[in-house]
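Look at the structure first.

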Amino acid sequence: MIYDFSFQNPTRIHFGKSAMQHLAEELQNFGPNILFIYGKNSIKKIGLYDEVMRTMQECGKKVTELSGINANPRYSQLLEGARLVREHHIDLILAVGGGSVIDCAKGISVSAYCKGDPWTRYWENNEPVDNDVVPVGTILTMTGTASEMNAGSVITHEERKLKNGRVFPLSLVAPKFSILNPEYTYSVPKYQMVSGIFDIFSHLMEQYFSGDDDCVSDYLLEGDMLALISATRKALRNPYDYEARSNIMWCSTMGLNKILALSKTQDWEVHMIEHQLGAYTDCAHGIGLAIISIPYYRYIYKYGLHRFVRFAQHIWNVKPEGKSDDEIALEGIQRLSDFIAEMGIPQHLHEVGATQEMLPLIAESTIKCGGYYVPTTEDVLKILNDCF
Ligand code: NZQ
Ligand code: ZN
């Protein structure tokens, strides 16, 4: 742990089948006005809408609703939420859904009282937050992003074709509480389930494939990856396997609540490319990540060869005897590719709505941060063409 850090994550987690029992006690900590924000129909289909509404009413809350938040939430929806917060003097934003709903809630929470244009200030220029922030609480229905325990907010500016992620300070923007009942994820369609699973895997890899030091965080990341692979195989066989779904949920929360990133350099390039892919195609986040990861890692593995060799051996049990380091590393990436295929995830960009004409635009607008290697626009274009 050679790099210094200070760390506190303020989110209180209620986890398990009885987690919802804690909603009423959490609501007592806030004033009477709640903005209840959710996506399209899923929470009504599983009965969660009625349950949450009933609890809020029993607690004497005045509820304003904002529904229809898109997967890949739009800036226009954030602005609408910010307007509602001001108009109804909202004391708590309660987000019920997946990462998109929660990200939108966090975006609203920092934007409602922003002096100036929130997009320009917070998602483009990364300015520090200098206004009041409305507290957020969450009830999670889809795993993958860890938005329930971090301070990230990824918003799509539809007119400007930009999908920008902002990581705010945990103390300001992380949810005050999050209710995590794995049973709520039973109804997630398989396509979304595997998208979320790959998102988790990608978060773990993006934190892992960087650095040369011997760091506790890397061993913890490996543990989370192994737990996730095991639970995924069980959940694919039986989506109602509580143990598997609960393990996936906790792998996800741990995957990006900052604990596994402590004292680590990181490489978020796959996420940067996917965000612009999403801005152009509106594809499911984790599916886009899975498609990009294989050509990206094949392109850059030589720059961090030792770490890719370790990945192959520790995660995929690749036997080193009689093989060069290059062969071991490439076999590890091939096993990752096989795992993606095993989950039934598409492997080409044209399958998620990308066209040849989009590729240069995506490559050009992608933020280049890298890890072992910082790619150029030309590199990103080659990577995109490799998986088109
Ligand atoms: O709109 P509804 O009806 O709720 O349907 C949603 C949506 O269509 C559905 N769903 C959610 N829970 C369900 C369900 N369907 C049936 N049963 C349930 N219980 O699933 C679909 C996808 O939901 P979404 O929230 O978009 O998925 P996810 O959690 O993967 O969030 C993706 C967004 O989060 C961002 C992504 O870029 C993307 O915009 N990310 C946020 C991060 C963060 N805050 O730290 C980090 C990530 O890397 C990521 O970038
Ligand atoms: Zn992600």
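This is a predicted model: local features need pLDDT of at least 70, side-chain atom pairs count only at pLDDT 80 or more; totals for chains, interfaces and linings use all residues.

Q: Why is the pair of Phe30 and Phe177 called tilted?
A: The ring centres are 6.2 Å apart, and pairing requires centres within 6.5 Å. The planes stand at 40 degrees. Stacked needs under 30 degrees and edge-to-face over 60. The pair is therefore tilted.

Q: What parts of the chain does this pair link?
A: Distant ones, 147 residues apart. Phe30 is in the loop between helix H1 (23-27) and strand E2 (33-38), and Phe177 is in strand E8. Phe30 and Phe177 are both buried.

Q: What makes the pair of Tyr208 and Phe209 edge-to-face?
A: The planes are at 70 degrees, with the centres 5.5 Å apart. Edge-to-face takes over 60 degrees, so the pair qualifies. Ring pairs also place Tyr208 and Phe209 in a cluster that includes Phe308, Phe311, Trp316 and Phe339.

Q: How do you know that Arg307 lies over the face of Tyr208?
A: Arg307 is at 5.2 Å from the ring centre. The distance limit is 6 Å, and the position must also be within 35 degrees of the ring normal. Arg307 is listed as lying over the face.

Q: Why are H13 and H14 called oblique to each other?
A: Helix H13 (residues 305-316) and helix H14 (residues 325-342) pack at about 55 degrees, with axes 8 Å apart. Roughly parallel needs under 35 degrees, and roughly perpendicular starts at 65. H13 and H14 are therefore oblique. Their crossing is left-handed. Among the contact residues are Phe308, Phe311 and Trp316 of H13 and Phe339 of H14.

Definitions and conventions:
Residues are numbered from 1 along each chain as its sequence is written. Chains are lettered from A and ligands numbered from 1 in the order in which they are written. Side-chain values use heavy atoms; hydrogens and water are left out. Rings of Phe, Tyr and Trp (its six-membered ring) pair if their centres lie within 6.5 Å; planes under 30 degrees apart count as stacked, over 60 as edge-to-face and the rest as tilted. Helices (H or I, at least four residues) and strands (E, at least two) are DSSP runs, numbered from the N terminus. Buried means under 20% relative accessible area, exposed over 50%, partly exposed in between (1.4 Å probe, protein chains only). Axes are lines fitted to C-alpha atoms, for helices over the stretch in contact, and angles run from 0 to 180 degrees between N-to-C directions. Angles under 35 degrees count as roughly parallel, over 145 as roughly antiparallel, 65 to 115 as roughly perpendicular and the rest as oblique. A crossing is left-handed if the near helix is turned anticlockwise from the far one by less than a right angle, and right-handed if clockwise. Contact means heavy atoms within 4.5 Å.
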